[in-house]
Amino acid sequence: MKRLAINMKIFYDCLNTPGFVYDEDMLLNTLNKFNDIPLPLNTKHLFSVKSFAVQSTLQLMTPFTDGLSISSLNEAKFARDILSANKSVHFTSPGLRPDEIEIIADLCDYISFNSLSQWERFHDKVSNRVSCGLRVNTQLTFVKDSRYNPCRKHSKLGVPLDKLASISNNGNKTLRGLKGILFHTNCESTNLNHLLKTVKHLDAHIPRILEQVEWVNMGGGYLFDDSRSLDKLTDAVMFLKDKYNVEVFIEPGKGIVGKAGYIVSSVIDLFESDGKNIAVLDTTVNHMPEVFEYQYKPDVMQESENGRYRYILAGASCLAGDLFGEYSFDKPLEIGSRIVFENAGAYTLVKANMFNGINLPSIYKYTKDGKLELIKEFGYEDFLSRCGVKNHVSA
């Protein structure tokens with residue numbers, strides 16, 4: 001049984017809701033499990049900051065990683081503040097601004113340009129400071145939902161593989177100085193055979209480029225800790241190392257932090273609507289935006305498969321679709337009942353918003369020795385800063 005389930009009373013006594021809690025022990029266990037994957041020597045592990053960006057947690061994680069992957073100037077500054085000098089920062093973004101490239105180059109160690117346009121405009125300016133690569137759109141699709149398919153047709157993410165192959169086969173000098181390539185082909189997949197297929201797909205189409213580069217970043221989008229085919233990950237890395245002698249990076253995000261985070265909420269209203277019991281919570285899908293984006297039903301710790309009491313759990317905002325789903329419980333809910341959403345570690349706080357002026361969840365850490373510590377509490381000042389208010393007199 002999970003530590004948080006065993007110690008549920010800690011929430012009743014100590015936690016102001018809504019609250020986001022990350023479990024240090026669970027996070028460290030996942031990191032250790034990931035680092036125990038028998039990958040070839042010198043395979044580098046990066047953590048993707050876009051999935052989770054709480055400073056104290058990243059500081060806890062960095063001893064287990066070789067660096068951080070980021071996608072904006074703010075993330076670059078944040079990563080460099082957190083990392084020690086021997087850890088690397090890897091940047092890629094379709095939104096690279098001309099007025100930021102010089103600062104980014106000073107902060108980062110690797111840049112994977114998203115397009116040939118970016119490469120042609122910026123490569124010569126920064127190649128003496130960073131290792132420059134290109135993001136590749138492998139044009140190999142594994143994700144059915146086009147909203148989350150980085151290799152969709154007309155994708156904005158990466159240089160199309162056929163374009164790169166044409167440049168390479170024609171002896172074009174455009175890619176002179178290219179040090180590496182990055183690809184990201186999947187979304188929340190445990191099928192690591194897709195990763196091996198991608199590597200062999202690149203080998204079939206751009207072997208000359210693979211012979212030229214020094215490193216390959218295989219991106220994220222895979223839940224390595226859940227996978228039952230880790231041998232395919234090793235096979236993919238070994239293929240690249242044996243044939244092309246390149247340094248290989250992988251950069252999981254959700255696969256590391258997903259299970260270590262919780263959103264804790266309280267029931268603030270109960271009523272009936274068209275024969276269904278509605279329980280309004282003091283949190284909202286705007287605190288877990290992917291619930292609304294993906295239209296999935298999040299896991300609730302207190303849910304009982306055969307529970308007699310059914311409720312639609314609803315968020316506190318005015319959005320009609322601010323709904324988490326219908327759940328069964330062994331006991332009837334009351335005003336003040338706690339509801340804990342599990343597996344909420346990734347893409348929650350980084351995407352959360354203050355629609356309707358509803359405060360963001362307070363951030364807590366659940367320490368290795370079972371203590372609950374408040375990291376950050378949001379209030380009226382945070383809301384005002386988003387409204388452009390510089391000075392005000394409190395009522």
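Modeller: Helices here are DSSP runs of H or I with at least four residues, strands are E runs of at least two, and both are numbered from the N terminus. The model is predicted: local features need pLDDT of at least 70, side-chain atom pairs count only at pLDDT 80 or more, and totals for chains, interfaces and linings use all residues. Residues are numbered from 1 along each chain as its sequence is written, and side-chain values use heavy atoms, with hydrogens and water left out.

Colleague: How do you know that the structure has cavities, and how many of 30 Å³ or more are there?

Modeller: A search of the whole structure finds two. On a 1 Å grid over the protein atoms alone, a cavity is a set of points where a 1.4 Å probe fits but cannot get out; a pocket is an open set with protein on both sides within 12 Å along at least five of seven lines. Points are joined across faces, edges and corners, and volume is the space filled by probe spheres set on them.

Colleague: Which elements each supply at least two residues of the lining of the largest cavity?

Modeller: α3 (24-35) and β2 (44-48) do. A lining residue has an atom within 4 Å of a point. Leu31, Phe34, His45, Leu46, Phe47, Met61, Phe64, Thr65, Pro252 and Ile256 qualify. β2 gives the largest share, three residues.

Colleague: What makes His45 and Thr65 polar?

Modeller: Ala, Val, Leu, Ile, Met, Phe, Trp, Tyr, Cys and Pro count as nonpolar, Asp, Glu, Lys and Arg as charged, and the others, Gly among them, as polar.

Colleague: Which residues line the second largest cavity?

Modeller: Tyr22, Leu27, Phe52, Thr57, Val257, Ala260 and Gly345. Five are nonpolar, two polar and none charged.

Colleague: What lies nearest the centre of the largest pocket?

Modeller: Lys50, Arg135, Leu157, His184 and Tyr347, out of 46 lining residues. Elements giving two or more are β3 (67-70), β4 (88-91), β5 (110-113), β9 (215-217), α12 (254-257) and α13 (289-294). The pocket holds about 1000 Å³ of space. Its lining has 17 nonpolar, 17 polar and twelve charged residues.

Colleague: Which element gives the most to the lining of the second largest pocket?

Modeller: α13, with four residues. That pocket has about 390 Å³ of space. Among its 24 lining residues, Glu188, Lys254, Gly258, Tyr296 and Asn343 lie nearest the centre. The classes are twelve nonpolar, four polar and eight charged.
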